[in-house]
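Q: Could you show me how to read some features of a protein model, one at a time?
A: Gladly; let us look at the picture together.

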Amino acid sequence: MGSNQKRSRLKVRDGSQYLIVDRKSRPVIREAVIREGVPADHAPAAAVQLAAFGDVHWPFGDEPFKVAEIDGEIAAYLVWRRTFTDEFEILSIATHPQHRRKGLARALIHEFCSANKGDLFLEVRESDVGAIAFYETLGFRRTGVRHSYYVNNGDGAIVMKLRF
C-alpha cells in the first residue's frame, strides 16, 4: 500500500464522522459515526466485545464510553475512566472482527484525545504484538509490565502511555 493510500484511509469530516475503507477486492467507502455511548448501547457493545475476544471481560456500567457505528450498528467501542485531573485509562476497546482494519479504533482514540488533554494509559496483553504495534503507531510508549495480569492464562500486560 502506498503512502498516499495509507493517509487516505481515514478522513475526518464534521468532527465525529469518518470515512471508512473496507479492504476487499473493490474498496467500498462507508461512513462511520463516532458518538457517546448510552445505556441502550451496553448490550450491542457487549456483543462486539464477545465477538472480538470470545468473552465479555468488561461489564458495561457507569464508565463513559464512545461507540463507532456503521450503517446504524455498533462496530466498535472505547470505555475509559478518569484517574486524575489530567490522566485517563482505557478500560476496554474492541472492534467487531467484521470491521477490523478499517480505522475504527484509531478514530475512537482520536475522538477521545480531541475532547480531552493529558495522559492516556492502557494495558495490552504481552503476546498481542499486533495491538502493541497499533498503539505504538498512535504514539503510545511502553512504561512497564504487569506480570500475570490476565487471570485466564497468566499472561502479563504491557502498560502503555500516550501524552496528548
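Q: Which residues do ring pairs link into a cluster?
A: Aromatic rings pair when their centres lie within 6.5 Å. In this predicted model, a cluster of Trp-80, Phe-88, Phe-112 and Phe-164 is linked by ring pairs. The structure as a whole holds nine aromatic pairs. One of them joins Phe-88 and Phe-112, with 5.2 Å from centre to centre and 85° between the planes.

Q: What do we call the arrangement of Phe-88 and Phe-112?
A: Planes over 60 degrees apart count as edge-to-face, so this pair, at 85°, is edge-to-face. The pair also connects distant parts of the chain: Phe-88 belongs to strand S6 and Phe-112 to helix H3, 24 residues apart.

Q: Are Phe-88 and Phe-112 buried or exposed?
A: Buried means under 20% relative accessible area, and both Phe-88 and Phe-112 are buried.

Q: How can I check the span of helix H3?
A: Count 1.5 Å a residue: the 12 residues of H3 should span 16 Å, and the end C-alpha atoms are 17 Å apart, which agrees.

Q: Which residues of H2 are buried?
A: They are His-42, Ala-45, Ala-46, Val-48, Gln-49 and Ala-52. Because they cover an arc of only 155° around the axis, they sit on the same side of H2. These buried residues pack against S4, strand S5 and strand S6. Just after the helix comes Gly-54, with a positive phi of about 85°.

Q: Where is His-57?
A: Look in the loop between helix H2 and strand S4. With a relative accessible area of 38%, His-57 is partly exposed, since that class lies between the 20% and 50% cut-offs.

Q: What does His-57 touch, leaving out residues up to four places away in sequence?
A: His-57 touches Gln-49, Tyr-77 and Ser-92. Take Ser-92: it is 35 residues from His-57 in sequence, yet the two are 8.6 Å apart in space, C-alpha to C-alpha. Their side chains are joined by a polar contact of 3.3 Å.

Q: Which residue lies over the face of Tyr-150?
A: That is Arg-125, at 3.9 Å from the ring centre.

How values were computed
Residues numbered from 1 in each chain as written. Predicted model: local features only at pLDDT ≥ 70, side-chain atom pairs only at ≥ 80, totals over all residues. Heavy atoms only, no water. Helix = DSSP H or I, 4+ residues; strand = E, 2+ residues; numbered from the N terminus. Buried < 20%, exposed > 50% of the residue type's maximum accessible area, 1.4 Å probe, protein only. Contact = heavy atoms within 4.5 Å. Polar contact = N/O pair within 3.5 Å; in protein donor to acceptor, adjacent residues only side chain to side chain. Expected span 1.5 Å × (residues − 1). Arc of directions from axis to C-beta. Phe/Tyr/Trp six-rings, centres within 6.5 Å; stacked < 30°, edge-to-face > 60°. Lys NZ or Arg CZ within 6 Å of the ring centre and 35° of its normal.
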